[in-house]
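Reader: I would like to go through this structure and ask what stands behind the terms used for it.

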Amino acid sequence: LPDEAGRVEATMAIMINNSSANALEVALAGVCDAPRVVLESSRNGEASLYFKPTHVGSSTVRYFEVTNPGTLPLAFQWVVPSRYAEVLKVSPPSGVLSGGSEARVAFTFTPNSEAKFHMKASCFVMTLAADGAYAGREFELPAVPAPGTDDQSGWREHSLKLYGAGTSAALDFFPRSLDFGNSPVHESSSGKIRVFNRGEADVGLYVYAAAVSESGTSMPGGQTRSLSGSSTNETLEVIQLSAEFVVVPSRSSASVGVTFAPRARAYYAYGVYCMVLPHESNVDKLSAGVGPDAAFEKYLRGGLGAAGQPLLMADVTGVGELPSLAVADCFVGRSPGKAVWWRRLSLDLLNIELAMNLSRAEEVFAATRENIVEAPMYAGLVSTLPTFDLDLGSGVAGSGASVVRLRFVNRGSTSVKFEFLYPSDLEWCDIQGLSEYDLDEELLRANKLFSFYPKSGHVAADGAINVELTYHHLVP
């Protein structure tokens with residue numbers, strides 16, 4: 001057998017009738033192929049692979065080409081020293097390369113500390129018979145020897161040097177407290193949280209909001225999307241984030257928009273949290289506008305290490321405030337006096353109702369008035385709203401109009417928007433139709449017997465406005 005790979009030439013003598021005089025010489029030639037592979041980017045027989053700086057606990061993947069330049073199939077197997085077993089993974093760790101083919105191998109680097117890593121992996125190869133069996137025999141290949149040993153049992157070793165560095169996330173957030181102050185119920189206020197990445201690697205973040213208990217601790221479970229994967233609508237209705245996943249480039253910044261929309265008269269306290277995505281591929285997908293892989297859902301549900309603990313980006317607080325509108329006075333230019341008119345116009349009951357929190361029906365009514373989703377439900381809500389009798393008194397037909405001026409004051413700290421609506425101003429009438437009572441009211445309106453002025457407007461905080469109610473004593 002040849003000792004070296006290459007072309008082999010020899011001469012063979014064939015004797016006829018055992019006579020050297022009749023001998024024939026036959027020229028023999030062949031090619032001997034040694035088990036070898038070509039590693040990508042090899043220089044002077046050495047190959048290297050570099051990982052970009054990677055956050056501790058996160059992973060970076062690099063792909064590497066292994067080529068079989070010969071004509072015979074090869075078995076290959078990668079060996080990583082035990083001290084790097086948790087830091088460096090190879091996939092696939094072994095396989096078969098047919099002649100002239102190549103394999104794409106993935107190296108996953110997951111640093112476990114803030115340090116530089118100089119690693120080495122060995123690729124052992126062995127020639128197989130043309131049918132794929134080891135030396136033409138159907139049994140398992142010999143065990144791969146330890147890297148760097150002389151006795152390699154038919155295996156041939158190729159080395160790959162790998163370099164990487166573990167870094168910390170090095171994230172800063174500003175502001176750390178976002179106070180929206182007093183905000184009208186069902187109106188939105190917006191702010192931003194800036195995220196600064198001082199590290200050497202891009203960071204992918206999963207961002208979520210969670211309510212804070214009276215003791216000041218985070219309660220992600222049952223409030224919004226959380227580590228347990230549960231969710232309710234409460235937090236998602238009050239606090240909305242501009243993005244659930246954010247990529248912050250190295251030595252750069254990104255922002256997360258926060259919208260506060262209170263649903264009731266109450267004090268709200270939330271925390272906006274983030275978690276570093278555990279795999280570089282998620283950052284690449286987010287940069288391309290694609291969501292993270294399914295493995296991240298499993299990551300959220302358990303098995304969190306120190307690198308996967310939530311980071312508090314900012315505390316978010318705000319107060320939901322209902323309109324504090326009330327009738328402070330009334331002016332009527334005729335008898336029987338202000339006290340009687342106050343009672344006739346049910347102004348005490350009106351003020352009590354204006355001071356109360358909205359019922360659930362009123363909340364839904366207010367939230368859906370501009371955008372009706374379920375028309376029958378909307379129509380039913382209108383019929384449940386409170387009603388009041390405004391007795392403007394009687395008068396002789398054609399005797400002139402009765403005019404009452406009500407002075408509304410805003411005792412709250414936010415401006416108030418008001419609007420007087422007739423039955424036909426409500427969209428549900430187009431769906432359900434007007435009742436007989438509604439038709440009578442529309443008849444008064446059509447004949448201009450009753451009117452408000454102004455019909456709508458704004459009252460600033462601590463401000464006041466006069467509203468004039470006019471009724472004409474005419475026969476339609």
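Reader: How do you know how far to trust the model?
Author: The model is predicted. The chain has a mean pLDDT of 75, and 69% of its residues reach 70 or more. Over residues 135-139 the pLDDT is below 50, and this stretch has four contacts beyond near neighbours in sequence. The pLDDT is also below 50 over residues 298-307, where the model has 18 such contacts.

Reader: What makes β3 and β8 edge strands?
Author: The open sheet has four strands in the order β3-β6-β10-β8, with antiparallel pairing. β3 (38-39) and β8 (88-91) each pair on one side only, and are therefore its edge strands.

Reader: How do you know that β8 pairs with β10?
Author: Two strands pair if there are at least two bridges between them. Four bridges join β8 to β10 (residues 102-109), so the two count as paired. Among the residues involved, V90 has F107 in β10 as its bridge partner.

Reader: Why are the buried residues of α5 said to line one face of the helix?
Author: In α5 (residues 347-355), the buried residues are L347, L350 and N351. Seen down the axis of α5, they fall within an arc of 95 degrees, so they line one face. L349 and I352, on the other side of α5, are exposed; that word requires over 50% relative accessible area.

Reader: What covers the buried residues of α5?
Author: The cover includes β23 (325-332), α4 (338-344) and β24 (401-410).

How values were computed: Residues numbered from 1 in each chain as written. Predicted model: local features only at pLDDT ≥ 70, side-chain atom pairs only at ≥ 80, totals over all residues. Heavy atoms only, no water. pLDDT = per-residue confidence, 0-100. Contact = heavy atoms within 4.5 Å. Buried < 20%, exposed > 50% of the residue type's maximum accessible area, 1.4 Å probe, protein only. Arc of directions from axis to C-beta.
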